[in-house]
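Here is a short report on one protein model. Please look at the structure below before reading on.

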Amino acid sequence: VGVVALQVARAMGATTVASTTSQEKADRLGGLADHVVVASDPEALVEGVATVTEDRGVDLAFDPVGYDYASALLKTAAQDGHVVVYGLLSGVAAPLDLHTMIFKDVGVHGFTVHRIHRDPDLLGRMISLTLDLVEGGKLRPVIAATFPFDEAPTALETLSRNEHFGKIVLAVAGS
């Protein structure tokens, strides 16, 4: 989701900041983001974003992690910024720094893809936008690895290590 979000944001003219936990992934993100922050822990994320934004912060942050980085993302937000939580990789409950949230006037929003499916007009707009970006060469899938369907357990193990960059694909015979 993060790779797609970066591509869409850049296509819309935004300056992008990506974060990851390893230098190897940071090197790969360099072609997709204007700035890349290696954040092995929440404080490194806060410091890295402060550096690349010259202490301004980001207007919009997407959070696939949840618990571990929740308060750090509030600190990385600009005044009147927004944090969109769409994943819970590190847990469903998270401590929030309410002081930062209030005094920076940061909005925190939850998101699930089901929202798009519940709204036919929104789904149509998303499909149209996606097709336009693909046809214009501004959105492309990033495939980390492809496994035959009968190797699904190996694919799942690869996915669980969180070392891949891009999507893990299962190939079904005849497709």
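This is a predicted model. Helix α1 spans residues 2-11, and its buried residues are Val-3, Leu-6, Gln-7 and Val-8. The cover over these buried residues includes β1 (17-20), α2 (23-29) and α7 (120-135). Just after α1 comes Gly-13, with a positive phi of about 95°.

**Overall form**

The protein has eight helices and seven strands. Its radius of gyration is 17 Å, close to the 16 Å from the globule rule for 175 residues, so the protein is as compact as a globular protein of that length. Along the principal axes, the C-alpha atoms fill a box of roughly 55 × 35 × 30 Å. Of the 175 residues, 29% are buried. Take the contacts with a separation of 6 or more: 47% of them join residues 24 or more positions apart. The accessible surface is about 11000 Å², and carbon and sulfur atoms hold 58% of that surface.

**Cores**

In soluble globular proteins, nonpolar side chains tend to be buried together. Here, the largest nonpolar core has 15 residues. Ala-39, Leu-45, Val-49, Ala-61, Leu-73, Val-83 and Val-106 have the most contacts inside this core. Two or more residues come from each of α3 (42-52), β3 (58-63), α4 (70-76) and β4 (77-85). Which element gives the largest share? That is α3, with four residues. A second, separate core has eight residues, including Ala-18, Leu-32, Ala-33 and Val-142.

Val-49 is one of the residues with the most contacts inside the largest core. Beyond its neighbours within four places in sequence, Val-49 is in contact with Val-17, Val-37, Val-58 and Thr-76.

**Sheet**

Three strands form an open sheet in the order β3-β4-β5, and their pairing is parallel. The edges are β3 and β5 (107-110). Each has a single partner strand, so one side of each is left without a neighbour in the sheet. From one strand to the next, the twist averages 15°. The parallel strands β4 and β5 are joined by four bridges. Val-83 stands opposite Val-108 in β5. Val-83 is also among the residues with the most contacts inside the largest core.

Most residues other than glycine have a negative phi.

Thr-158 lies in helix α8, which covers residues 152-161. Is Thr-158 buried or exposed? The cut-off for buried is under 20% relative accessible area. Thr-158 has 16%, so Thr-158 is buried. Which residues does Thr-158 touch, not counting those up to four places away in sequence? They are Phe-147, His-164 and Ile-168.

Conventions
Residues numbered from 1 in each chain as written. Predicted model: local features only at pLDDT ≥ 70, side-chain atom pairs only at ≥ 80, totals over all residues. Heavy atoms only, no water. Core = buried A, V, L, I, M, F, W, Y, C linked by side-chain atoms within 4.5 Å. Buried < 20%, exposed > 50% of the residue type's maximum accessible area, 1.4 Å probe, protein only. Contact = heavy atoms within 4.5 Å. Pairing = 2+ DSSP bridges. Axes fitted to C-alpha atoms, helices over the stretch in contact; angles between N-to-C directions. Rg over C-alpha atoms; globule rule 2.2 N^0.38 Å. Areas by Shrake-Rupley, 256 points an atom, 1.4 Å probe, with all protein chains shown as cover.
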